[in-house]
Structures are given as C-alpha cells and as structure tokens.
Amino acid sequence: MVANPYAAYQNNAVTTANPQELTLMLYDGALKFMRLAKIAIDQGHPDLKNTNIQKTQAIFQELRLTLNKDIALSENLDSLYEYMLRRLVDANVKNDTTILDEVIAFTTELRDTWKEAMKLAKQS
C-alpha cells in the first residue's frame, strides 16, 4: 500500500513527463514556491520564506542548466534567469513581496508562453 498516494502520483507525473512537460512543471513549481514565500513574509515566517525562495532559486538554476546553448534565444533566457535569481536574493534579504511580484510576473509570462508553444508544437 502506498503511504501517500499524492506523492506517488507526483512522482509518476515527473518520471513519465517529456522534457517540455518537465519545463512547464518547473515554471509551475517556481510560481508555487514564490507565492508561498510571499505568504511567509506576510505572516512573519522568515524560515519558510527563505526555504521557498531557495526552492525557487534551485528551479531557476536547473532551468539555466538545461538551456540549449546552440539556440540564440537561450542566451536571452539565461540572462533573464540570472536577473530573476538576483531579484530573488534581494527579495529574500529585504523581505520584499513587491520584488517577488516582479519575478512572479516574469515567470508567469514565461510559463504561459511555454504552454502556448507546447500547444502549437502538438498541432503541427
């Protein structure tokens, strides 16, 4: 018997996902952790804020590592990820939800664009 069916489902979703779906999951995870960090700031939980921002930073580091350097767009994405990582450090140090909102907006735009690209790729 599975102790936590939700965890088993999540594990299965990750292990069976294609690279495009994994990227979408990473964007969704980053958004989730940034929202949790905002809540932690608002509720005065610095440890939770720090943990969730660090999880977001790890996601952006992973996204940077998986960029295909042979594609011109990758250089721009790498610069954007690097900028967002610096802003996450600022948000963490300053307990600033406005900075998190900025990074959330960028990430939402990237996620939505990625989702649309996936849809277009399936159609062709």
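User: Is aspartate 90 buried, partly exposed or exposed?

Analyst: Aspartate 90 is partly exposed, at a relative accessible area of 25%. Buried means under 20% relative accessible area, exposed over 50%, and partly exposed in between (1.4 Å probe, protein chains only). This is a predicted model, where local features need pLDDT of at least 70 and side-chain atom pairs count only at pLDDT 80 or more, while totals for chains, interfaces and linings use all residues. Residues are numbered from 1 along each chain as its sequence is written, and side-chain values use heavy atoms, with hydrogens and water left out.

User: Which residue does aspartate 90 form a salt bridge with?

Analyst: Arginine 87, with the closest N and O atoms 3.2 Å apart. A salt bridge here is a side-chain nitrogen of Lys or Arg within 4 Å of a carboxyl oxygen of Asp or Glu.

User: Nice. How many salt bridges are there?

Analyst: Nine by this rule. Shared partners join Arg64, Asp78, Glu82 and Arg86 into one network.

User: Switching topic: how many aromatic pairs?

Analyst: Two. Rings of Phe, Tyr and Trp (its six-membered ring) pair if their centres lie within 6.5 Å; planes under 30 degrees apart are stacked, over 60 edge-to-face, the rest tilted. Phenylalanine 60 and tyrosine 81 have ring centres 5.9 Å apart and planes at 35°, so that pair is tilted.

User: Is phenylalanine 60 buried or exposed?

Analyst: Phenylalanine 60 is buried, at 0% relative accessibility.
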